[in-house]
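Here is a friendly briefing to read alongside the structure.

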Amino acid sequence: MSSSILDYRRENGRTYHRYKDGKYYLPNDELENERLDLQHHLYFLTFENKLGFAPPNNRNSNVKRVLDLGTGTGIWAIDYADEHPEAKVIGVDLSPIQPNFVPPNVEFIIDDIDVEWNYNIPFDYIHSRMMNSCVKDWKVYLQKIFDNLTPGGYLEVQEIDAGFQSDDGTLTEEHDLARWWSLLSDACAKLGQPFQTCDRIKEIMIEVGFIGIVDARFKWPTNRWPKDQKYKELGTWNNSNTNTVLESATLAPFTRVHGWTKEEVQVFLTGARKDLNNPKIHAYWPIRAIYGQKP
């Protein structure tokens, strides 16, 4: 691996990927990597100890080749490989932040999903998680996925739908947490990587040719405000996850696009965190797991 790839960009006290410098706006340092692993556990709890819902996640599914797009720390790819030793699992990311010691059926590649794909053999299952605002053109992205699947192969997209929501109106547009999302969305759009709603992602999946679409919906509460014990637990984990991502996701877009200083970002995030931690605000992230099959 080229030493220049490991010479990470340093900005506002965080480090960022060097390969295709500036393309992905979240850091790749230890703090962010720990958050990604925590977020993986949050998904695992949400999905009741499953890595996904598409049939290739079933035991004895006998898949041969699996692609994990935006693999991050590689934790999903490693867990899938452990559960499916018969499968060859390839994880792709811009940052070389994956561990050196992995199952023998796992391979990590440093690459850019927006350039031409050069996989010689198609995949039985392609997994895409938390790629919203990382993809420039979802139609192009999903077409590439479709073209690189075997007939009968599956795609599963796992995403946060655009924006915090509250069913009882306790989160309003005047809250700093809602303002944060609005400013972040605006910055990402200006960076050329706008957020896409999950409804539109599902529509594009159908447009490019996927069939048998299944759309599972979940909620990640902002804190322990729900009465239900399972949602209280999810709220605990998501509160930790979101408290960290508020800075991770904000520093680069707000300083690069909105022209804020690091100090201005930190002051603003103080108010957003107060909203996030307030049990009287019944907000949540909408979570979607959408899968479909190539005919």
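Strand β4 (residues 88-93) has five of its six residues buried, so the rest of the structure largely encloses it. Buried here means under 20% relative accessible area, with exposed over 50% and partly exposed in between, for a 1.4 Å probe and protein chains only. Helices (H or I, at least four residues) and strands (E, at least two) are DSSP runs, numbered from the N terminus.

Please keep in mind that this is a predicted model, in which local features need pLDDT of at least 70 and side-chain atom pairs count only at pLDDT 80 or more, while totals for chains, interfaces and linings use all residues. Residues are numbered from 1 along each chain as its sequence is written, and side-chain values use heavy atoms, with hydrogens and water left out.

**Around β4**

- Strand β3 (residues 65-69) runs parallel to β4, and five bridges join them; two strands pair if DSSP finds at least two bridges between them.
- Across that pairing, R65 stands opposite K88 in β4.
- A right-handed β-α-β unit is made by β3, helix α3 (residues 75-83) and β4. Right-handed means that, with the strands pointing away from the viewer, the path from the first strand over the helix to the second runs clockwise.
- Strand β5 (residues 106-110) is also parallel to β4, again through five bridges, and I109 in β5 is the residue opposite V92.

**The sheet as a whole**

- Seven strands make up an open sheet with mixed pairing, in the order β5-β4-β3-β6-β7-β9-β8.
- At the edges stand β5 and β8 (211-221), each with a single partner strand, so one side of each has no neighbour in the sheet.
- Ignoring direction, neighbouring strands of this sheet are turned by 15 degrees against each other on average. Axes are lines fitted to C-alpha atoms, for helices over the stretch in contact, and angles run from 0 to 180 degrees between N-to-C directions.

**Strand β7 and its partners**

- In strand β7 (residues 149-160), ten of the twelve residues are buried, so the rest of the structure largely encloses this strand.
- Strand β6 (residues 123-129) pairs with β7 in the parallel sense over six bridges.
- From β6 the chain passes through helix α4 (residues 138-147) to β7, a β-α-β crossover that is right-handed.
- Y154 in β7 is the bridge partner of Y125.
- Strand β9 (residues 284-293) runs antiparallel to β7, and seven bridges join the two.
- Two bridge partners in β9 can be picked out: G292 for L155, and I287 for I160.

**Helices on the sheet**

- Helix α2 (residues 30-46) has 17 residues and spans 24 Å from first to last C-alpha, close to the 24 Å expected at 1.5 Å a residue. The expected span is 1.5 Å times one less than the number of residues.
- α2 lies across β6, β7, β8 and β9, and runs at about 110 degrees to β8; contact means heavy atoms within 4.5 Å.
- Helix α7 packs on the sheet and touches β8 and β9, its direction making about 85 degrees with that of β8.
- The buried residues in α2 include E32, R35, L36, H40 and Y43.
- After α2 comes E48, whose phi is positive, near 55 degrees.

**A helix pair**

- Helix α5 (residues 176-190) and helix α9 (residues 262-277) pack at about 120 degrees, with axes 7 Å apart.
- α5 and α9 are therefore oblique to each other; angles under 35 degrees count as roughly parallel, over 145 as roughly antiparallel, 65 to 115 as roughly perpendicular and the rest as oblique.
- Where they meet, α5 brings D176, L177, R179, W180 and L183, and α9 brings F268, L269, G271, A272, D275 and L276.

- Leaving out residues up to four places away in sequence, S248 touches R14, Y25, L26, P27 and E32.
- K136 lies in the loop between β6 and α4 and is partly exposed, with a relative accessible area of 45%.
- With the sequence neighbours up to four places away not counted, K136 touches K23, D114, L191, G192, Q193 and P194.
- The C-alpha atoms of K136 and D114 are separated by 7.6 Å, with the two residues 22 apart along the chain.
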